[in-house]
Amino acid sequence: MSNINLLINLSSRIFDVPASDVDIKSNQDNIKGWDSLATIKLITELEKEFSIQFDIMEIVEVTSIEKVVDILKNKGININDS
C-alpha cells in the first residue's frame, strides 16, 4: 500500500468517513468528523505508523491532508510510493 493510501485510510477511519471522501483537498472545513480530538488521534497514528514525532509547530499545522503530506515529506517520508 502506498503511503498516500495509508494516510487516506487512517484519516477515513479516524474521521469516520468513507475513504472515497478523503483526498488531498480534505480539511477541517469539509470533513465533518475532523475536530481537535480527531487531529490528535491522526497525529498519534501517523507517529506510530511512520516512526516519527510531530513537534508543536507541526501539530498546529495539521488542518488539512495537504499539510499533513507536506509535514511527512519534510520528515523524509515518501508519500507517493510504498
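Three salt bridges are counted in this structure, which is a predicted model. One of them joins Arg-13 to Glu-45, another joins Lys-48 to Glu-45, and another joins Glu-58 to Lys-75. Helices H1 and H2 also pack against each other, with their axes 10 Å apart.

**The Arg-13, Glu-45 and Lys-48 network**

- Salt bridges link Arg-13, Glu-45 and Lys-48 in a network.
- Between the side chains of Arg-13 and Glu-45, the N to O distance is 3.7 Å.
- Arg-13 belongs to helix H1 and Glu-45 to helix H2, so this pair ties together parts that are 32 residues apart in sequence.
- In the pair formed by Lys-48 and Glu-45, the closest N and O atoms are 3.7 Å apart.
- Both Lys-48 and Glu-45 lie in helix H2, at a spacing of three residues, or about one turn of the helix.
- Arg-13 counts as exposed because its relative accessibility is 51%, and the cut-off for exposed is over 50%.
- Lys-48 is exposed as well, with a relative accessible area of 58%.
- Glu-45 has a relative accessibility of 24% and therefore counts as partly exposed.

**The Glu-58 and Lys-75 pair**

- The closest N and O atoms of Glu-58 and Lys-75 are 3.1 Å apart in their salt bridge.
- Glu-58 lies in helix H3 (residues 56–61) and Lys-75 in the segment after helix H4 (65–74), so the pair ties together parts that are 17 residues apart in sequence.
- Glu-58 is buried because its relative accessible area is 15%, and buried means under 20%.
- Lys-75, at a relative accessible area of 28%, is partly exposed.

**Packing of H1 and H2**

- Helix H1 covers residues 3–15 and helix H2 covers residues 36–50; the two pack at an angle of about 145°.
- Their crossing is right-handed.
- On the H1 side, the contact is made by Asn-3, Leu-6, Leu-7, Leu-10, Ser-11, Arg-13, Ile-14 and Phe-15.
- On the H2 side, the contact is made by Ala-38, Lys-41, Leu-42, Glu-45, Leu-46, Glu-49 and Phe-50.
- By class, nine residues of this contact are nonpolar, two are polar and four are charged.

Technical notes. Residues are numbered from 1 along each chain as its sequence is written. This is a predicted model: local features need pLDDT of at least 70, side-chain atom pairs count only at pLDDT 80 or more; totals for chains, interfaces and linings use all residues. Side-chain values use heavy atoms; hydrogens and water are left out. Axes are lines fitted to C-alpha atoms, for helices over the stretch in contact, and angles run from 0 to 180 degrees between N-to-C directions. Helices (H or I, at least four residues) and strands (E, at least two) are DSSP runs, numbered from the N terminus. A crossing is left-handed if the near helix is turned anticlockwise from the far one by less than a right angle, and right-handed if clockwise. Contact means heavy atoms within 4.5 Å. Ala, Val, Leu, Ile, Met, Phe, Trp, Tyr, Cys and Pro count as nonpolar, Asp, Glu, Lys and Arg as charged, and the others, Gly among them, as polar. A salt bridge is a side-chain nitrogen of Lys or Arg within 4 Å of a carboxyl oxygen of Asp or Glu. Buried means under 20% relative accessible area, exposed over 50%, partly exposed in between (1.4 Å probe, protein chains only).
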